[in-house]
Amino acid sequence: MTAELVRGQNHPLSQVRLEIRISAGRPVVAAATLSDHNGKAQGTDGVAHPGAPVLPGLEVPRQAAAEHRLAVDLAAMPETVHRVNVLLALPTRAGGPTRFGAVAAPFVAVTGLDGTGIAGYTITGLDAESAVVAIELYRRQDAWKVRAVGQGYAGGLAALLTDQGLPQAQQLADGIQDAVAQGLARAVPAPPPRPADADRARPATASLPGADPAGQGAGGSATQGITGPGAQGATGPAGQGTVGPVPAPPYPPGEPQGTSGTQSPAGTPTGGPIDYRHPGRATSAPPPPAPTAPPAAPGQPAPPVAGDATGWSMDERLYNQVWGMFEDLARSTAAYRSAVDFADSRMEKELDQALSDPRNRIGGQGDAVREAAQDKHALLVDQARAAYDRDLAQLTAESDVVEPALPPAYARWDNPVWHGYRAPMEMPMAVRLGDLHLPESEPLRIPMLVRLPLERGLWIDSGPVPSLDDEYADSTESRHLAMVAAVALASRLLAVYPPGDFGVHVIDPAGAGARALAPLAGAGVLASGPAAGAAGVAEVLSRLTERVDLVQMALRGGAADALPPGLDTAQQLLVVNDFPHGFDDRAVTQLRYIADEGPAVGVHLLMVADREDASAYGPLLDPLWRSLLRLTPVPDDHLADPWIGHAWTFEPALVPAGSQVLERVLAEVARARREWNR
Amino acid sequence: MTVNLAKGQAISLQKNDGGSLTAVRMGLGWKAAPRRGLFGSRTREIDLDASAVLFADKQSVDVVFFRHLVSDDGSVRHTGDNLVGGAGQGGDDEAVLVDLARVPVHVDQIVFTVNSFTGQTFQEVQNAFCRLVDETNGQELARYTLDGGGNFTAQIMAKVHRVGGGWTMTALGAPANGRTFQDLMPTILPLL
């Protein structure tokens with residue numbers, strides 16, 4: 001039975017061989033001093049500290065740490081020792097906090113050698129102190145007792161040691177801090193804080209109202225909204241609450257998972273103190289500062305730098321920067337377009353006026369008026385274009401530094417970062433689906449980044465491509481192109497998730513996509529498929545439906561730990577080619593179910609289909625198509641930004657012709673999986 | 001040095017050192033209605049709204065107000081609707097930021113207005129003011145006092161308009177009545 005001590009309270013010790021456990025939120029130095037019956041320290045030799053860790057009957061750790069265990073054998077103490085003071089101090093040379101008020105209250109426990117608790121004491125009420133006498137073990141009538149002391153010293157270790165009556169306390173304190181600094185230099189640095197996980201797993205809303213002006217009933221050609229950082233707050237917290245306790249689907253293993261400690265594949269360390277900090281708030285250490293632009297020459301805009309945005313990690317900063325560029329380009333273009341529209345309408349009005357004025361019908365007066373109107377128009381358009389070109393130049397310069405700095409998940413396939421590809425350890429924040437541009441802004445391309453895990457299914461439209469004239473080439477070629485885009489996208493998702501955290505299933509009922517699927521199938525990275533025939537379709541769909549069912553039931557019942565132990569915790573992507581070929585009514589229902597319910601439990605859909613093929617189903621499938629983000633295998637202007645609603649031309653992220661990068665990356669994925677045994 | 005503007009007075013936004021202003025903020029502040037002792041939730045709150053209307057050649061092309069916080073071109077931004085007012089100590093409760101360098105070239109006037117959305121006249125509002133601040137250094141360029149402003153629910157504060165290559169601000173101070181900026185359009189047009 002552990003006695004929880006308050007300051008000044010003492011407690012008898014039944015054993016002489018003890019362990020003193022110290023836990024603090026930050027690395028601290030632990031030391032001990034030995035005193036005689038008058039409370040006077042026994043000189044420098046009677047101090048156990050990281051520079052001289054062993055004394056008879058006492059050993060302290062050699063370096064600063066957040067967790068300490070001190071071994072004490074009171075029976076081995078010399079007879080002259082009447083008191084053992086256990087001290088804590090903040091390391092002064094490590095650049096950490098310099099006052100205990102800034103760190104979590106340290107906890108000291110006295111236990112037997114077998115770990116049974118005897119007494120515990122939380123040192124509260126510290127503020128500017130940087131050293132503290134935590135507890136003392138003292139002899140009273142031939143028995144040992146422990147007392148909670150908690151005496152802090154704002155003057156640090158030197159002041160503490162002086163108070164203990166030690167000569168040359170300052171030199172001793174310096175020596176201790178030196179020893180600690182050397183120990184820290186050898187130690188492995190703590191991992192950097194994780195970026196805001198809560199944000200990362202937060203499902204975004206559907207497109208903003210108004211960002212989808214064309215409406216969606218009309219179908220495939222409707223403009224779809226792109227959701228960005230600004231659109232995510234609304235349903236975020238609710239969604240978070242729902243997906244929080246799922247064992248894994250929305251999270252890669254090893255990430256903090258809200259409440260489900262028992263389900264964490266990485267496991268929480270046992271025996272440590274419970275961490276009461278909010279898992280989604282990384283408050284412990286500020287992130288490294290963002291790169292900032294060097295000061296600009298007067299009158300010039302600052303040269304752009306990659307990562308010049310807010311965020312807890314470079315990943316997040318680049319994501320925010322790309323979205324910032326996207327918004328700026330949308331708005332600059334809106335300014336340009338509205339100026340040109342205004343110039344047009346003003347000229348029209350002036351010309352109309354000139355024509356309706358009978359005085360202008362005779363002589364050259366009318367021409368002069370017309371010319372003046374046209375000149376005014378040209379002047380305004382020139383001014384607008386100049387302002388727009390200024391903005392474009394700045395954004396292009398920014399794009400030129402940002403593109404090379406992008407991590408694989410955000411980078412084009414021709415970016416060198418893909419050549420040095422290694423399997424990542426954690427899920428990225430977002431993935432690049434392709435590029436966006438506006439006709440006026442050629443050749444500037446904005447990466448189209450969407451958050452991971454995917455919040456809605458994707459649909460690569462394999463319908464007829466307007467640019468291809470030949471009726472025959474139309475159908476086969478556009479289907480092949482769509483499948484190539486789908487394979488590039490599925491491979492990218494496979495590659496940017498940690499090995500084994502992302503599974504790809506393929507349904508290709510007639511084998512029509514075999515040519516495009518070759519890289520995926522060849523590398524052996526598919527979880528299942530390509531499934532052929534009606535039986536194959538049914539089998540894959542049933543398996544994924546069952547998975548969605550199971551996870552959803554567990555989720556709704558709040559019994560995430562009741563899932564079968566063998567359940568694969570990875571995110572799943574189902575690639576469906578040639579829909580609705582090979583689908584019966586039951587399969588269609590299952591597909592719709594996966595599309596609706598899958599994203600919340602980590603099962604995503606990537607359709608490669610021509611909507612016309614499924615026209616026999618009538619309006620039944622409209623909700624399915626509406627729920628998917630439509631992409632095209634060839635450039636097509638069907639995506640709307642969330643601010644103005646411009647129609648942006650989307651180009652898929654494709655592997656350059658003749659490049660072997662996809663095969664190499666997939667081979668590396670397969671290798672990493674074998675290595676990780678996943 | 002703050003200028004207390006009188007109606008119709010114009011100040012140039014060219015800086016003294018010859019450089020021109022690049023970003024200005026129109027701030028609006030007022031004192032919240034006193035709490036009711038009992039049933040405090042039924043305090044008759046005072047909701048003033050700041051808006052900015054962008055004109056090109058006397059046609060309005062865009063409006064920034066509490067339901068459209070950023071002009072499409074991104075040059076004018078509203079910091080958000082305040083429904084109750086503040087301490088009345090001179091701090092801005094609502095603000096409209098204008099990035100003059102990014103205003104589209106055809107926009108030649110930006111008119112700032114204040115409306116009482118909840119219907120109180122300016123006689124009933126305490127410590128209401130509106131001011132123009134140089135956003136780059138926080139210096140106040142001009143200030144207007146609204147309270148005691150008579151039996152009106154709206155005021156057209158000021159306009160910032162292009163003159164030559166730079167911008168000039170003219171204080172308008174025209175009283176009007178209306179709940180939102182739409183009601184003010186007839187009053188604004190003659191002032192352009």
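**Figure 1. The loop between strand 4 (48–56) and strand 5 (59–64) of chain B**. B:Asp57 is partly exposed, as 15 other C-beta atoms lie within 10 Å; with C-beta atoms placed from the backbone, a residue is buried if 20 or more others lie within 10 Å of its own, exposed if 12 or fewer, and partly exposed in between. This residue belongs to the loop between strands 4 and 5 of chain B, where strands (E, at least two residues) and helices (H or I, at least four) are DSSP runs numbered from the N terminus. Although B:Asp57 is not a glycine, its phi is positive, about 55 degrees. B:Lys58, found in the loop between strand 4 and strand 5 of chain B, also has a positive phi, near 65 degrees. B:Lys58 is exposed, with 11 other C-beta atoms within 10 Å. Most residues other than glycine have a negative phi, and most peptide bonds are trans. The structure is a predicted model, in which local features need pLDDT of at least 70, side-chain atom pairs count only at pLDDT 80 or more, and totals for chains, interfaces and linings use all residues. Residues are numbered from 1 along each chain as its sequence is written, while chains are lettered from A and ligands numbered from 1 in the order in which they are written.

**Figure 2. Confidence in chain B and its contact with chain A**. The mean pLDDT of chain B (the predictor's confidence in each residue, from 0 to 100) is 83, and 88% of its residues reach 70 or more. Within chain B, strand 1 (residues 3–4) has the lowest confidence, at a mean of 62, and strand 6 (residues 76–78) the highest, at 93. The model has an ipTM of 0.85 and a pTM of 0.65. Nine residues from chain B and 14 residues from chain A make up the contact, two residues being in contact if their C-beta atoms, placed from the backbone, lie within 7 Å.

**Figure 3. The largest nonpolar core**. This core, a set of buried Ala, Val, Leu, Ile, Met, Phe, Trp, Tyr and Cys residues joined through C-beta atoms within 7 Å, has 162 residues. Among those with the most contacts inside it are A:Ala486, A:Leu574, A:Val575 and B:Ala52. Helix 5 (residues 314–356) of chain A gives the most to this core, with 16 residues. Leaving aside neighbours within four places in sequence, the contacts of A:Val575 include A:Ala490, A:His505, A:Leu606 and A:Val608. A second, separate core of 59 residues includes A:Ile22 and A:Leu70.

**Figure 4. Surroundings of A:Glu136**. A:Glu136, in strand 11 (residues 131–140) of chain A, is buried, with 22 other C-beta atoms within 10 Å. Not counting residues up to four places away in sequence, A:Glu136 touches A:Arg83, A:Val84, A:Asn85, A:Arg147 and A:Val149. A:Asn10 is 126 residues from A:Glu136 in sequence, yet their C-alpha atoms are 9.3 Å apart.

**Figure 5. Helix 6 (residues 365–405) of chain A**. The 41 residues of this helix should span 60 Å at 1.5 Å a residue, in agreement with its end C-alpha atoms, which are 60 Å apart; the expected span is 1.5 Å times one less than the number of residues. Its buried residues include A:His377, A:Asp391 and A:Glu398. Helix 5 of chain A is one of the elements that cover the buried residues of helix 6.

**Figure 6. Cis peptide bonds in chain A**. A:Leu452 and A:Pro453 are joined by a cis peptide bond, with omega about -10 degrees. A:Pro453 lies in the loop between strand 15 (446–451) and strand 16 (458–461). From A:Phe579 to A:Pro580 the peptide bond is also cis, with omega near 5 degrees.
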